[in-house]
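Please read the points below with the sequence and the structure side by side. Each point takes up one part of the fold.

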Amino acid sequence: MNKSAIITGASSGIGLAVSRVLCELGYEVYGFGRDFTGDETVSFAKQTAGFHQIVCDLLNTQELCDAVKKAAEETEVCVLVNAAGVGYYGLHEELNVKQIQTLVRTNLEVPLILTNRLLRVLKKNRGYIINISSVTAKQNSPRGCAYAATKAGLTSFGNSLFEEARKYGVKVTSIHPDMTATNLYRDADFTCGSEPESYLEPQEVADIVRCILSFRDGMTVPEITIRPQLHRIKRKQN
């Protein structure tokens with residue numbers, strides 16, 4: 001049975017970059033996403049036999065669990081990467097209820113459910129759980145406190161899970177990227193700065209995943225924070 005990886009948010013950004021790295025490392029990659037019609041994704045899928053597109057609404061819990069169960073039955077799941085995420089920014093009173101629910105469910109509930117469904121398999125395979133959290137999990141985040149709370153919860157979950165599962169050989173790592181050039185900020189009034197030194201590239205986050213998977217079996221890093229050299233953002237024009 002081939003070793004495989006399950007990656008959420010695989011249709012773009014960090015999730016797509018991680019999918020590319022995992023395929024290069026020889027994994028069968030089950031990439032979960034809602035829309036795989038982007039040019040970069042279509043090109044990658046056509047050129048990569050080991051990449052399996054799983055079109056799925058992550059917030060449809062039954063659909064998600066059924067798809068994960070099928071993948072786990074077909075292959076030997078050794079890696080789970082929770083890369084899907086949404087961001088809504090602004091004063092907290094300006095968010096609507098649906099936005100808050102989407103933040104909590106996508107950024108926190110989905111990783112908890114996927115880990116719950118796959119943990120026995122990952123214990124058996126001495127596998128990896130890699131959560132793409134955020135630097136905002138480690139600091140105050142005015143105008144993004146709901147988003148930061150979900151990421152802080154994800155990091156806290158990862159730390160506790162590591163202590164729970166480490167004796168079974170499961171490696172759990174939370175990655176905390178700073179500003180990254182993805183579409184996470186599409187609904188915000190700001191975006192990455194203009195200078196390349198003011199943001200991370202998705203591939204740079206994926207390279208951290210590659211590094212994590214290269215460690216010897218008896219060593220792991222529970223948390224990694226990566227930041228651009230400069231701290232600058234750009235306000236969008238109204």
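The numbered points below begin with the sheet and then turn to helices and loops.

1. The model under review is predicted. Its sheet is open and has seven strands in the order β3-β2-β1-β4-β5-β6-β8, with parallel pairing. The edge strands are β3 (51-55) and β8 (223-226), each of which pairs on one side only. From one strand to the next, the twist averages 20°.

2. Strand β2 (residues 28-33) pairs with β3 in the parallel sense over five bridges. Within this pair, Tyr 30 stands opposite His 52 in β3.

3. Strand β1 (residues 3-8) deserves attention for its surroundings. How many of the six residues of β1 are buried? Five of them are, so the strand is largely enclosed by the rest of the structure. On one hand, β1 pairs with β2 in the parallel sense through five bridges, and Ile 7 stands opposite Gly 31 in β2. On the other hand, β1 also pairs with strand β4 (residues 76-82), again in the parallel sense and over five bridges; here Val 77 of β4 is the bridge partner of Ser 4.

4. The next pair in the order is β4 with β5 (128-132). These two strands run parallel and are joined by four bridges; Val 81 stands opposite Ile 130 in β5. Strand β5 is mostly covered, five of its five residues being buried. In a regular strand, side chains alternate between the two faces of the sheet. Both faces of β5 are covered: Tyr 128, Ile 130 and Ile 132 are buried on one side, and Ile 129 and Asn 131 are buried on the other.

5. Helix α5 (residues 145-165) touches β5, β6 (171-177) and β8, and its direction makes about 155° with that of β6.

6. The crossing is left-handed. On the α1 side the contact is made by Leu 16, Ser 19, Arg 20 and Cys 23, and on the α2 side by Glu 40, Thr 41 and Phe 44. By class, the residues in this contact are three nonpolar, two polar and two charged.

7. Helix α1 also packs against helix α6 (residues 202-214), with the axes 8 Å apart and at an angle of about 40°. How is α1 placed relative to α6, roughly parallel or oblique? The angle makes α1 oblique to α6, and α1 passes α6 in a right-handed crossing. Among the residues that meet here are Ile 14, Ala 17, Val 18 and Val 21 in α1 and Val 205, Ala 206, Val 209 and Leu 213 in α6. By class, this contact has 10 nonpolar, two polar and four charged residues.

8. Most residues other than glycine have a negative phi. Arg 126, however, has a positive phi of about 50° although it is not a glycine. Arg 126 lies in the loop between α4 (97-124) and β5, and it is partly exposed, with a relative accessible area of 41%. Arg 143 likewise has a positive phi, of about 65°, and is not a glycine. Its place is the loop between β5 and α5, where its relative accessibility of 36% counts as partly exposed.

9. The last point concerns Tyr 199, found in the loop between β7 (190-192) and α6. Is Tyr 199 buried or exposed? Its relative accessible area is 19%, and the cut-off for a buried residue is under 20%, so Tyr 199 is buried. Leaving aside residues up to four places away in sequence, Tyr 199 touches Met 179, Ala 181, Cys 192, Gly 193, Ser 194 and Pro 228. Tyr 199 and Val 18 are 181 residues apart in sequence, and their C-alpha atoms are 18 Å apart in space.

Conventions. Residues are numbered from 1 along each chain as its sequence is written. This is a predicted model: local features need pLDDT of at least 70, side-chain atom pairs count only at pLDDT 80 or more; totals for chains, interfaces and linings use all residues. Side-chain values use heavy atoms; hydrogens and water are left out. A crossing is left-handed if the near helix is turned anticlockwise from the far one by less than a right angle, and right-handed if clockwise. Contact means heavy atoms within 4.5 Å. Ala, Val, Leu, Ile, Met, Phe, Trp, Tyr, Cys and Pro count as nonpolar, Asp, Glu, Lys and Arg as charged, and the others, Gly among them, as polar. Two strands pair if DSSP finds at least two bridges between them. Axes are lines fitted to C-alpha atoms, for helices over the stretch in contact, and angles run from 0 to 180 degrees between N-to-C directions. Buried means under 20% relative accessible area, exposed over 50%, partly exposed in between (1.4 Å probe, protein chains only). Angles under 35 degrees count as roughly parallel, over 145 as roughly antiparallel, 65 to 115 as roughly perpendicular and the rest as oblique.
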